[in-house]
Amino acid sequence: MKREWIQGQAWWLTPVIPALWEAETVTVWRIKMLTNLRIFAMSHQTIPSVYINNICCYKIRASLKRLKPHVPLGRNCSSLPGLIGNDIKSLHSIINPPIAKIRNIGIMAHIDAGKTTTTERILYYSGYTRSLGDVDDGDTVTDFMAQERERGITIQSAAVTFDWKGYRVNLIDTPGHVDFTLEVERCLRVLDGAVAVFDASAGVEAQTLTVWRQADKHNIPRICFLNKMDKTGASFKYAVESIREKLKAKPLLLQLPIGEAKTFKGVVDVVMKEKLLWNCNSNDGKDFERKPLLEMNDPELLKETTEARNALIEQVADLDDEFADLVLEEFSENFDLLPAEKLQTAIHRVTLAQTAVPVLCGSALKNKGIQPLLDAVTMYLPSPEERNYEFLQWYKDDLCALAFKVLHDKQRGPLVFMRIYSGTIKPQLAIHNINGNCTERISRLLLPFADQHVEIPSLTAGNIALTVGLKHTATGDTIVSSKSSALAAARRAEREGEKKHRQNNEAERLLLAGVEIPEPVFFCTIEPPSLSKQPDLEHALKCLQREDPSLKVRLDPDSGQTVLCGMGELHIEIIHDRIKREYGLETYLGPLQVAYRETILNSVRATDTLDRTLGDKRHLVTVEVEARPIETSSVMPVIEFEYAESINEGLLKVSQEAIENGIHSACLQGPLLGSPIQDVAITLHSLTIHPGTSTTMISACVSRCVQKALKKADKQVLEPLMNLEVTVARDYLSPVLADLAQRRGNIQEIQTRQDNKVVIGFVPLAEIMGYSTVLRTLTSGSATFALELSTYQAMNPQDQNTLLNRRSGLT
């Protein structure tokens, strides 16, 4: 009897093996386990030790055959990836599922719409976590940084891999704060689909528009999830209308809410004509039941759902010709006879074509509506093979991947997130970085689980991998298997280009599109606690810059101080805090300053000659340039180069790079504030170079000549202008408007959103510093605001003089 009991308990040996693998070898572990089991057997004195040895060895060998890599048991994991109960799937199906079963999705939204809470519920219901994480309690899986948990906001995007009903889902939770827009941008770049989360009481908000535009830029199919249906003021109809009007999208209503605000208790599945009700006594929302809508029980709800389903069928038929033909041929008399599977397939095609967006609803905080959302992700969002990537034809089955994010781990060093588009990645694989033109070796390969990682033996196309060992790879780099593979792909691309009469050069066709890194709008000086700590500070800033390309660090040429440039007050505050916590440096920040720019108002010419003799060699350059203003709508600094026809082509060919370097260096610091110059065209009218003159002398002469021209011109300071959206209760509208008027604000419109007023306008960035504290004081903490860089505008003469006097110390 006891022997049978021990045999019955032996199942637990199998799942334990992977967790212990990382700590010690199997041999040592086996000895420990056998010793423990012998002690157990001796105490019961009925089972021979030889028999126990045989049982243990057999179980261990069988386990090792099925689970070769180690899978550490992470925080709150209810089971190992791929385990259902006590059954273990084959390793190949766990790590490399069929590409049709992969979904790479992102969660995107305005700040505080409920992205992280939705992600936590998804992880719980998929079996990845054992308990429900809460943003307010600071125990969420994806918000694992100390700063995120303290502030209750997402700062870094976090990737998590999990399974749902036979599908592999790689999910990325992105930030909603405008200071971390780049985090959203670089994640959307590598995703195949996205879930846009909305606050049902607010609808489309300021940052929602930004992330929606980013998704449009990368042609990403989306699903809309109207969250917070239980919140006071929640309105399904209002939220849907705001999607239609503000986002110019066609919403497909796949669900209807059963009740709103306090009365919200479930949703209706319009496609299946079923109602989904969550058990009131269930704390975790796992228990819910699907009930078909019947005339006798829910006549009103059935009528509303039938009308919604008919409208949905008509909408989809208008957008999809194949579905329209099916409806007209077989189901034009009665839409009720149309199979749900046919409608779902058509919705998938429409979503993929981005002609409409499916809309679902629920409440992540109250654990309602998340399981149907996961079903919709697998049903309507595309797999990697359904996305059309033109460059894949050039690589065939060779490796092609994009590095989209870098993290620094104290133990492992730089961790590089990669989206694999074709081929396979393995540990110890040598890869070639096209952007950096260097070859590196991947030492280890991991599957991302937020701040926990699982080591794996290989990963195929369509997946998101985490690599260890790459020292030089940065965000936006294209990774291939070898230099010869890149050249072969270039030749194929060139042949294809000739067929289609394209003008792109080889390198541009080979490089996967990276991400546009926005220009910083704030800067301040940063100093170490002592001179001996300067190298440590430089190392910390170098690591942080590699992680976050929107962070810029430069050396002030006049004072020799290190200057930190970021996307906003919060951005710089977070960087300062990370230097203190992660690198143990108590740094000092100077006062926060606005990143102004400069331009010129009229056309001017200048001539300069540089004549130097170094050793026995004479360096002689004579240059004439013209600088003139240009009009552009770009937020990025624009400097155009032109060459007069009189310039000798042979001379230009040799010295063009030196000339352009000289122009660039001259435009880095303007004559008024030392800020970058923008919106200027530089024309080179004449160039005389003495034989033997070095390129460095050419650059220096051109730079000096351009600076001379800029000083002669009428100059103008440009200041960053921000889009501002303030959501405020009616009672506090007047003091908010009065305060904005004092800040040189330009109010565009005042909208009504439920019981609140939304003030939309433009405000100079210099006037909005510290605005959050003032707004909280004016509105008793009830108002919220969102900022986004709009453009750079010319300062009026009075404000410009005040700024120049303040900078020169006269006021």
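Residues are numbered from 1 along each chain as its sequence is written. Because the model is predicted, local features need pLDDT of at least 70 and side-chain atom pairs count only at pLDDT 80 or more, while totals for chains, interfaces and linings use all residues; side-chain values use heavy atoms, with hydrogens and water left out.

**Stop 1: the cores**

Begin by selecting Phe-162 and Phe-323. These two have the most contacts inside the largest nonpolar core, which has 109 residues. A nonpolar core here is a set of buried Ala, Val, Leu, Ile, Met, Phe, Trp, Tyr and Cys residues joined through side-chain atoms within 4.5 Å. Buried means under 20% relative accessible area, exposed means over 50%, and partly exposed lies in between (1.4 Å probe, protein chains only).

Now colour helix α11, residues 299-319: with seven residues, α11 gives this core its largest share. Helices (H or I, at least four residues) and strands (E, at least two) are DSSP runs, numbered from the N terminus.

Stay with Phe-323 and show its surroundings. Leaving out residues up to four places away in sequence, Phe-323 touches Ile-313, Val-316, Ala-317, Leu-338, Lys-342, Leu-343, Ala-346 and Arg-349. Contact means heavy atoms within 4.5 Å.

Before moving on, select Leu-564, Ile-575, Val-736 and Leu-787, which are among the members of a second, separate core of 41 residues.

**Stop 2: helix α13**

Next, select residues 340-353, which make up helix α13. This helix has 14 residues and spans 20 Å from its first C-alpha to its last, close to the 20 Å expected at 1.5 Å a residue. The expected span is 1.5 Å times one less than the number of residues.

Which residues of α13 are buried? Show Ala-340, Leu-343, Gln-344, Ala-346, Ile-347, His-348, Val-350 and Thr-351. An α-helix has 3.6 residues a turn, so residues three or four places apart point the same way. The elements covering the buried residues of α13 include β7 (222-227), β8 (251-253), α11, α12 (321-330), β13 (357-361) and α14 (370-380).

Zoom in on Thr-351, which is buried at a relative accessible area of 0%. Apart from its neighbours within four places in sequence, Thr-351 contacts Pro-221, Arg-222, Ala-356, Pro-358, Tyr-380 and Leu-381.

**Stop 3**

From Thr-351, step across to its contact Arg-222. Arg-222 lies over the face of Trp-212, at 4.6 Å from the ring centre. A charge sits over a ring if NZ of Lys or CZ of Arg is within 6 Å of the ring centre and within 35 degrees of the ring normal. For another example, select Lys-101, which lies over the face of Tyr-167 at 4.4 Å from the ring centre.

Then visit the loop between α9 (206-217) and β7, where you will find Asn-219. Asn-219 has a positive phi, near 55 degrees, although it is not a glycine, and is partly exposed at 44%. In the loop between β7 and α10 (236-246), select Lys-228. Lys-228 also has a positive phi, of about 60 degrees, and counts as buried at 17% relative accessibility.

**Stop 4: aromatic pairs**

How many aromatic pairs does a search of the whole structure find? It finds two. Rings of Phe, Tyr and Trp (its six-membered ring) pair if their centres lie within 6.5 Å; planes under 30 degrees apart count as stacked, over 60 as edge-to-face and the rest as tilted.

Select Tyr-124 and Tyr-125: this pair is edge-to-face, at 5.5 Å centre to centre with 65 degrees between the planes. Tyr-124 is buried at 8%, and Tyr-125 is buried at 9%.

For the other pair, select Trp-278 and Phe-288, whose centres are 4.9 Å apart and whose planes lie at 20 degrees, so the pair is stacked. Trp-278 is in strand β11 (residues 274-278) and Phe-288 in strand β12 (residues 288-292), 10 residues apart. Trp-278 is buried at 7%, whereas Phe-288 is partly exposed at 30%.

**Stop 5**

Finally, select β30 (residues 604-614) and β31 (residues 617-629), which pair in the antiparallel sense over 11 bridges. Two strands pair if DSSP finds at least two bridges between them. Within this pairing, Leu-610 has Val-621 as its bridge partner. Two residues lie between the strands of this hairpin, where Gly-615 takes a positive phi near 70 degrees.

End on Ala-627, which stands opposite Ile-682 in β33.
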